[in-house]
Structures are given as structure tokens and as C-alpha cells.
Amino acid sequence: RDRKQGSRARDNDLAAMYPIFAMENLAVYSSALAVVVPGIQVMCFFYGQELAGDLVPKVFGAVDRSVDLSQERFHTEFYDPLELRVQCATVLGALVLMPVFFFAALVMNEGVPLSALVKRAVISMFAGTFMAQATFTLFGAPLVMAVWKTLALSMLLGVTAVMPLGCSLGSDIKVWQRVISQNDLREAAEIQFYIPASFATVGAWLGAFPIPLDWDRPWQAWPITCTAGAVVGQSLGLLVVAVYFALQPKGREASEQALVGNNEGKATEEPPKQKTKTKTKSKKDD
């Protein structure tokens, strides 16, 4: 209880100093992110390949129609333009969303120096990308074949899920254990970034279910559905956070008034007890 009261007092101080930390503003902020994240991905999907131009065949590869790869879920070549568009949208979307989520972490962690935030962002982004790549490989993604496609999805999760969370939690292992293992969220920044990160991870996992089905559709190739699941999960998580922040002010104000009332009641009750004790002692001395 003391820790929760301390975190609430800290959030109240931040809300007094910076209006962005007021709960109603955080709700609007999360709603805006929930629109920005899929909006950027959709724009990169439709216009990323055209904007990249000649870099697409050099960096991502071209569509190879000489071999029918419709039966293969994991392959290096692109047998359909949809795969190429998703690959471009994933990489370009991660690059565009990188400053967006860093700015979000900068706003939510107002007291942390900029140099420390940059260091946390770089370390957490690369660590998150590596962990996501290793996790996908352990769950069945090929180690060598289609490794660049897996890396694109891992980079997207490292930027949108792990990087802002790492900027808020820092390098303390105990804090990471408290948040991830115990789901003990004590500050607004932890709620802002942990819930969308969890939804994005679950969305990427659920997106793998259509891949082994025998429908023979182009969108069943790895990792199209996982990428879509991660983006949808991130947006849903941000909406959940927005609703949570929108419902918080009344409950928080009521709890604070109750705490103030209890403290005032204890303060008014204690002095009479001290006076009665002194009176009884004086009577005994007489």
C-alpha cells in the first residue's frame, strides 16, 4: 500500500508539473498512438514500395515468378507482390515509428536525462530485436531460410514493443521481473507501454495460426499474418490503455480524498488521547 501510495503521489506531482500526465490527457495520448501506429503501417504498405523505388530490388529482392512457391510457407523468394509490400511496410514502418515511440518514451519519462533515454532506447531496441529473432526461431521459423523476413518482424517488435518499455524500466532486473513476471504496474509509464507490448506479442503469436492451414493463399506466407497480428495487437493494447486512463480520474480523486480524510481524522483524534494521559498522570501524582 505504501508503494502504491508513493507511486500515486509521484504521478500527481508529475501531473501538476506537466499537464500531459493528467489522466484525461494520457487517454487522448494513447488514443492518438492507437491511430498513428496502424496508419503509418497502412501508408507504408501502399506507398512504401513506390517511395523506395530502385532500393526495393537491391535490399528486399524482387518477385520471382519462375518457381511456384505457393505450397511453401517459408522461403527466401517473393512469389507474390503482397509479400514484397508487407516486407517493405514492415521495415519502413519500423524506421518511421522509431522516433514516434522514442518521443512517447521521452514524454512519459520526463525526469530521465535525454542521454540516458537514448542509451536505453538503443540497447533495448537491439536486445528486443535479438530476443524476438531467437524466439521466432525457437518456435519454428527457419534459421537460415527467410531470415531477413523474420528479422523485419523482429525489428518491428523491438521498436514498437521493447524499446519504449526499456526506456521506462531501465536496466534494473528487479524492475523487469516485477513488471513482466508479477504484472505489478505502479507508474503511468509502465501501464502505457507494457500493456500494448503484451498485446503486440500475443497478436504476433495468434497470427501464426493461419500459416500451416492448407488454403494456399498468398497471405499465408511467413510472416505476413504475424506482422498483421502484431500491429493489430499493438493498436488494441493502446486502446485498452486509453480506456483505462479515461476511467481513472474519479477513482483516484475519491481514493485521495479518503486518504486525506483518514489522515485528518487520525490527526484530530490523537491530541485528546495525549491530554487525557497527562491528566491521569497528574491525578496519580497528587
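Let me start with a term: buried means under 20% relative accessible area, exposed means over 50%, and partly exposed is in between, with a 1.4 Å probe and protein chains only. Take valine 202. At 44% relative accessibility, it counts as partly exposed. It lies in helix α8. Valine 202 and glycine 229 sit 27 residues apart in sequence, and 8.0 Å apart in space, C-alpha to C-alpha.

Some ground rules. This is a predicted model, where local features need pLDDT of at least 70 and side-chain atom pairs count only at pLDDT 80 or more, while totals for chains, interfaces and linings use all residues. Residues are numbered from 1 along each chain as its sequence is written, and side-chain values use heavy atoms, with hydrogens and water left out.

Now the overall picture. The chain has 10 helices and 0 strands. Helices (H or I, at least four residues) and strands (E, at least two) are DSSP runs, numbered from the N terminus. Along the sequence the pattern reads α-α-α-α-α-α-α-α-α-α. Of the 286 residues in the chain, 40% are buried. Take the contacts between residues at least 6 apart in sequence: 72% of them join residues at least 24 apart.

Next, helix pairs. Two packed helices are described by the angle between their axes and the distance between the axes. Here, axes are lines fitted to C-alpha atoms, for helices over the stretch in contact, and angles run from 0 to 180 degrees between N-to-C directions.

Start with α4, residues 81-108, and α9, residues 224-246. They pack at an angle of about 30°, with axes 10 Å apart. So α4 and α9 are roughly parallel to each other. The cut-offs: under 35 degrees is roughly parallel, over 145 roughly antiparallel, 65 to 115 roughly perpendicular, and the rest oblique. Who makes the contact? From α4, Leu82, Glu83, Val86, Thr90 and Phe101; from α9, Ile224, Thr227 and Gln234. The crossing of α4 past α9 is left-handed. Left-handed means that the near helix is turned anticlockwise from the far one by less than a right angle; right-handed means clockwise.

On the α4 side we have Met98, Phe102, Ala105 and Leu106, meeting Leu114, Leu117, Val118, Ala121 and Met125 in α5.

On to α7, residues 173-181. Which residues of α7 are buried? Val175, Arg178 and Val179. They cover an arc of only 90° around the axis, which puts them on the same side of α7. That arc is taken from the directions from the helix axis to the C-beta atoms. As background, an α-helix has 3.6 residues a turn, so residues three or four places apart point the same way. What do the buried residues of α7 pack against? Helices α6 (147-169) and α8 (188-206). On the other side of α7, Ile173, Lys174 and Ser181 are exposed.

Now the ends of α7. Aspartate 172 caps the N-terminal end, with a side-chain oxygen 3.2 Å from the backbone nitrogen of lysine 174. That is a polar contact: a pair of N or O atoms within 3.5 Å; within protein, one must be able to donate a hydrogen and the other to accept it, and residues adjacent in sequence count only if both atoms are side-chain atoms. Just after α7, asparagine 183 takes a positive phi of about 55°.

Threonine 160 is in α6. Is threonine 160 buried or exposed? At 7% relative accessibility, it counts as buried. Its side chain reaches the backbone oxygen of leucine 156 at 2.7 Å. Neighbours within four places in sequence aside, threonine 160 contacts Leu97, Phe101 and Gln234.

Glutamine 192 is in α8. It is buried, with a relative accessible area of 0%. Not counting residues up to four places away in sequence, glutamine 192 touches Leu26, Tyr29, Ser30, Leu33, Met108, Leu238, Val241 and Phe245.

Last, glycine 48, in helix α2, residues 23-52. At 2% relative accessibility, glycine 48 counts as buried. Glycine 93 is 45 residues away from glycine 48 in sequence, and 8.7 Å away C-alpha to C-alpha.

Conventions: Contact means heavy atoms within 4.5 Å.
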